[in-house]
Protein chains: 2
Amino acid sequence: MKILAVGSIAFDTIKTPFVSGKNVLGGSLTYFSLAASHFAKIYPVGVVGRDFKPKHFKLYRKHNINSQGLTRAAGKTFSWSGQYDYDFNNRKTVYTHLNVFANFDPVLPTAYKSIPYLFLGNMDPQLQLNICRQTANPRLIVADTMNYWIERKRKELLRTLRLIDILIINDAETRQLAKEHNLYKAARKIVSLMKPTRRGGSPTLIIKRGEYGLLMFTRKNWFSLPAFILEDVFDPTGAGDAFAGGFVGFLSRQKHLNEKSFRKATMYGTIMASFCVEQLGPKKLITLKRRQIQERFKKFKKLFALI
Amino acid sequence: MKILAVGSIAFDTIKTPFVSGKNVLGGSLTYFSLAASHFAKIYPVGVVGRDFKPKHFKLYRKHNINSQGLTRAAGKTFSWSGQYDYDFNNRKTVYTHLNVFANFDPVLPTAYKSIPYLFLGNMDPQLQLNICRQTANPRLIVADTMNYWIERKRKELLRTLRLIDILIINDAETRQLAKEHNLYKAARKIVSLMKPTRRGGSPTLIIKRGEYGLLMFTRKNWFSLPAFILEDVFDPTGAGDAFAGGFVGFLSRQKHLNEKSFRKATMYGTIMASFCVEQLGPKKLITLKRRQIQERFKKFKKLFALI
């Protein structure tokens, strides 16, 4: 139950119609690690600037998150600012300052190389490749990406695809990566670009659809899960990474990695994402108790059960 | 297993990136009746013009659809023309000629008044009220509506809501009717505007979300079902009414009308909608065999089963 995770750490300035905050601790690595920490011990690899304070390191350590792989570099921590209107699907990026993340090219601590579960947050596919090559044949590799890399680093991304077991992206990215409008066909195409996994199973694509839930495609099957609907959503920032955290976190505790455990893992991912959006930034992921996760899981399972 | 259905019969001119056709038999009553006819005997009430041919009546009769309630009036049949682009969610109405449907105010044939299942297609809520008042306390009333009536006949629509058991509309209509952006809150509000049903159960709202599936709300619970994803979608016209046809059709065969049977009915509705969109207009609903429905139901159940 150890998970290696690589991604960004950021200070975010967020504005939604309901809440707002400045320099909120964020980044894919933060959301992923906090969500996954409810299931496993997390070994994040990332870079922060001089403005990253002892209290931030302390927060990670308090949550089962090892800080050995976090490098503190000269300069400022990556910072991002975004605004949402009432339709949370419309996000406006106010600014993106990569800062120390611009030169990120991590060397894994030796002890990290044999960790069996690997999550690659959204970043340059070339970095994702470099990281994969440093690991000792992990049991499972899950990766995220985005339109920026699909446009600019397609060749490297296609190479990454052949090294990972599960890709988690959204609808638009699925269509763009496959160059195919029909989502079903696009998904099938992406799965065909991936390689059969080390465990011998089918490569898997998970398509995130926000409030509409998700689709999961293997070479043979597809599966669909609705979102957990909430009365109040305050801030969608980090929901995708919280999903990945719950998903990989649950899988790291499973004896068998197969379609059955993947399906159940999407439920835990969905639940972690649903908690994430209930408060500003990663606030809710920080205060969350395991009991609450189990309660919501039971409720979720019952809510869409057909009996 | 008799269903009374009231709605429009139209000749549609449809253009999608994949198929197109002129004067295709359509209208809510046609799609509903053809879909529901795979489950029950249908008693449609509607009006057609002089251009409605014996072959059209014959088509209905061939499909378990009684034609006694269809009035042939002086003038032309309602006609509609729509175009879709690759994103089927973007529909452009080219024209709507109400023709004989403009003066529609049906008097139910006496034998129809005691039919236990009633579907009210999208039409003036005042007509929906008039029809309800002619019936002898049906076991179940299901209705559809649209933005046009929400804007122009809100008062009458709210009155209709208090007479029906189940309302089937889309997301945007839900938000508009409730005057509330949050879909969860909007759904709760609409259900609270409806009256506890004759069977003593909660009133129910079904929110259609096209390719994203549906949500079902009662006073206490919610439920979510994904769509049945297809490799090829040719024409989304009529999918909502085909859904209603499968939904009410399945329910007309059930001993118990409760949340459990409603959930299962949404699966049959979803499957009938999935067949509907596979060919131009109602073509597929016409040629469909019961065996194909059962096969797809099994496949659907398995596909999103969590095991």
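Predicted model: local features only at pLDDT ≥ 70, side-chain atom pairs only at ≥ 80, totals over all residues.
View 1. Chain A can be superposed on chain B with an RMSD of 0.0 Å, using a turn of 180° and a shift of 0.0 Å along the axis. The two copies are therefore related as by a two-fold rotation axis. Which surface does each copy use to meet the other? Of the interface residues of chain A, 100% are also interface residues in chain B, so the copies meet through the same surface.

**View 2. The side of chain A that touches chain B.** Here 22 residues of chain A are in contact with 22 residues of chain B. Three elements of chain A each supply at least two residues of this side: helix H7 (183-193), strand E13 (222-225) and helix H9 (259-276). Sorted by class, the side of chain A that touches chain B has 12 nonpolar, 4 polar and 6 charged residues.

**View 3. Helices H3 and H5 of chain A.** The axes of helix H3 (residues 125-134) and helix H5 (residues 154-161) of chain A come within 8 Å and cross at roughly 30°. This crossing of H3(A) and H5(A) is left-handed. To find the contact, look in H3(A) for A:Pro125, A:Gln126, A:Gln128 and A:Leu129, which meet A:Glu156, A:Leu157, A:Arg159 and A:Thr160 in H5(A). By class, the residues of this contact divide into 3 nonpolar, 3 polar and 2 charged.

**View 4. Helices H3 and H5 of chain B.** In chain B, helix H3 (residues 125-134) and helix H5 (residues 154-161) pack at an angle of about 30°, with their axes 8 Å apart. H3(B) passes H5(B) in a left-handed crossing. On the H3(B) side the contact is made by B:Pro125, B:Gln126, B:Gln128 and B:Leu129, and on the H5(B) side by B:Glu156, B:Leu157, B:Arg159 and B:Thr160.

**View 5. The four-stranded sheet of chain B.** Follow the strands in the order E3-E2-E6-E7 and you trace an open sheet of 4 strands with mixed pairing. Strand E3 (20-26) and strand E7 (91-97) of chain B are the edge strands, each pairing on one side only. From one strand to the next, the twist averages 20°. Inside the sheet, strand E2 (residues 10-15) and strand E6 (residues 79-84) of chain B run parallel and are joined by 5 bridges. A handy landmark is B:Asp12, which stands opposite B:Trp80 in E6(B).

**View 6. The nine-stranded sheet of chain B.** This open sheet of 9 strands has the order E5-E4-E1-E8-E9-E10-E11-E12-E13, again with mixed pairing. Strand E5 (70-72) and strand E13 (222-225) of chain B stand at the edges with a single partner strand each, so one side of each has no neighbour in the sheet. Ignoring direction, neighbouring strands are turned by 20° against each other on average. Helix H1 (residues 28-36) of chain B lies across strand E1 (2-6), strand E4 (41-48), strand E8 (117-120) and E9 of chain B, and runs at about 165° to E4(B).

View 7. Is strand E11 (residues 204-208) of chain B mostly covered or mostly open? It is mostly covered, with 5 of its 5 residues buried. Both faces of E11(B) are covered: B:Thr204, B:Ile206 and B:Lys208 are buried on one side, and B:Leu205 and B:Ile207 on the other. E10(B) and E11(B) run parallel, joined by 5 bridges, and B:Ile169 stands opposite B:Ile207 in E11(B). Strand E12 (residues 214-217) of chain B runs antiparallel to E11(B), with 4 bridges joining them, and B:Ile207 stands opposite B:Leu215 in E12(B). E11(B) and E12(B) form a hairpin with 5 residues between them, and B:Gly210 in the turn has a positive phi of about 55°.

**View 8. Strands E9 and E10 of chain B.** Strand E9 (residues 140-144) and strand E10 (residues 166-170) of chain B run parallel and are joined by 3 bridges. B:Val142 stands opposite B:Ile166 in E10(B).

**View 9. A helix and a loop residue of chain A.** Helix H1 (residues 28-36) of chain A is mostly covered, with 9 of its 9 residues buried; among them are A:Tyr31, A:Phe32 and A:Leu34. For A:Gln254, turn to the loop between helix H8 (239-251) and H9 of chain A. A:Gln254 is partly exposed, with 14 other C-beta atoms within 10 Å. From C-alpha to C-alpha, A:Gln254 and A:Ala244 are 16 Å apart in space and 10 residues apart in sequence.

Technical notes
Residues numbered from 1 in each chain as written. Chains lettered and ligands numbered in written order. Contact = placed C-beta atoms within 7 Å. Nonpolar A, V, L, I, M, F, W, Y, C, P; charged D, E, K, R; others polar. Axes fitted to C-alpha atoms, helices over the stretch in contact; angles between N-to-C directions. Left-handed = near helix turned anticlockwise from the far one by under 90°. Pairing = 2+ DSSP bridges. Buried ≥ 20, exposed ≤ 12 C-beta atoms within 10 Å, placed from the backbone. Least-squares fit on C-alpha atoms with pLDDT ≥ 70 in both.
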